[in-house]
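Dear colleague,

I am passing on the structure we spoke about, placed just below, and after it you will find my notes on what came out of the analysis. Please read them with the model open beside you.

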Amino acid sequence: MIDYSFAVVMFKRYSKHLQDVVTSIETMIGNYDKQIAELEKLPKDKYGNRLKEVESKRTEAYKKLAHVCPNIEKMYEQMDELQKEIPTSEEIN
């Protein structure tokens, strides 16, 4: 028999982890944006490669974010479905 209560608890913990990952990625993106803004003020011939590196990192961060966010939404949907499967105390008795 599946322990639906346990599954819900694990989903909640994992969704919390995913939310922390999103917060971390968003912070990284903010830092990349600041770096890009500063690098754009500097001579391109000297700092152009660094600018491209930071822009590439920001792009990768957005890609990671695009993979995590749908998983969070799916987790909440699945939690709702699992909670419907948990028998009530009346059903157990």
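In helix 1, the residues Ala 7, Val 8, Ser 15, Leu 18, Val 22, Ile 25, Ile 29, Tyr 32, Ile 36 and Leu 39 are buried, where buried stands for under 20% relative accessible area, exposed for over 50% and partly exposed for anything in between, with a 1.4 Å probe and protein chains only. Helices here are DSSP runs of H or I with at least four residues, strands are runs of E with at least two, and both are numbered from the N terminus.

Before the details, a word on the basis of the values. This is a predicted model, in which local features need pLDDT of at least 70 and side-chain atom pairs count only at pLDDT 80 or more, whereas totals for chains, interfaces and linings use all residues. Residues are numbered from 1 along each chain as its sequence is written, and side-chain values use heavy atoms, with hydrogens and water left out.

Helix 1 has 37 residues and reaches 53 Å from its first C-alpha to its last, which is close to the 54 Å expected at 1.5 Å a residue; the expected span is 1.5 Å times one less than the number of residues. Helix 2, covering residues 44–85, has 42 residues and a reach of 60 Å between its first and last C-alpha, close to the expected 62 Å. Helix 2 also bends by about 25 degrees at Arg 50, the bend being the angle between axes fitted to the seven residues ending at a position and the seven starting there.

The buried residues of helix 1 pack against helix 2, and what covers the buried residues of helix 2 includes helix 1. The buried residues of helix 2 include Gly 48, Leu 51, Val 54, Ala 61, Leu 65 and Val 68, and also Ile 72, Met 75, Met 79 and Leu 82.

Contacts between them

Leaving aside neighbours within four places in sequence, Phe 11 is in contact with Met 75, Gln 78, Met 79 and Leu 82; its relative accessibility is 24%, so Phe 11 counts as partly exposed.

Salt bridges

A search of the whole structure finds 6 salt bridges, each defined as a side-chain nitrogen of Lys or Arg within 4 Å of a carboxyl oxygen of Asp or Glu. One of them joins the side chains of Asp 33 and Arg 58 at 2.9 Å, N to O. This pair links distant parts of the chain, with Asp 33 in helix 1 and Arg 58 in helix 2, 25 residues apart. Asp 33 is partly exposed, with a relative accessible area of 30%, and Arg 58 is partly exposed at 25%.

Glu 53 forms a salt bridge with Arg 50, with 3.2 Å between the closest N and O atoms, and Lys 63 forms one with Glu 60 at 3.4 Å between the closest N and O atoms. Because Glu 53 and Arg 50 are 3 residues apart in helix 2, about one helical turn separates them, and Lys 63 and Glu 60, being 3 residues apart in helix 2, are likewise separated by about one helical turn. An α-helix has 3.6 residues a turn, so residues three or four places apart point the same way.

A surface patch

Finally, Phe 6, Val 9 and Met 10 form a nonpolar patch on the surface, with about 250 Å² of accessible area together. Patches are made of residues with over 30% relative accessible area and no salt bridge, like charges being joined within 9 Å and nonpolar side chains (Val, Leu, Ile, Met, Phe, Trp, Tyr) within 5 Å, while accessible areas come from the Shrake-Rupley method with a 1.4 Å probe, and for residues only the protein chains shown count as cover.

With kind regards

Definitions and conventions
Contact = heavy atoms within 4.5 Å.
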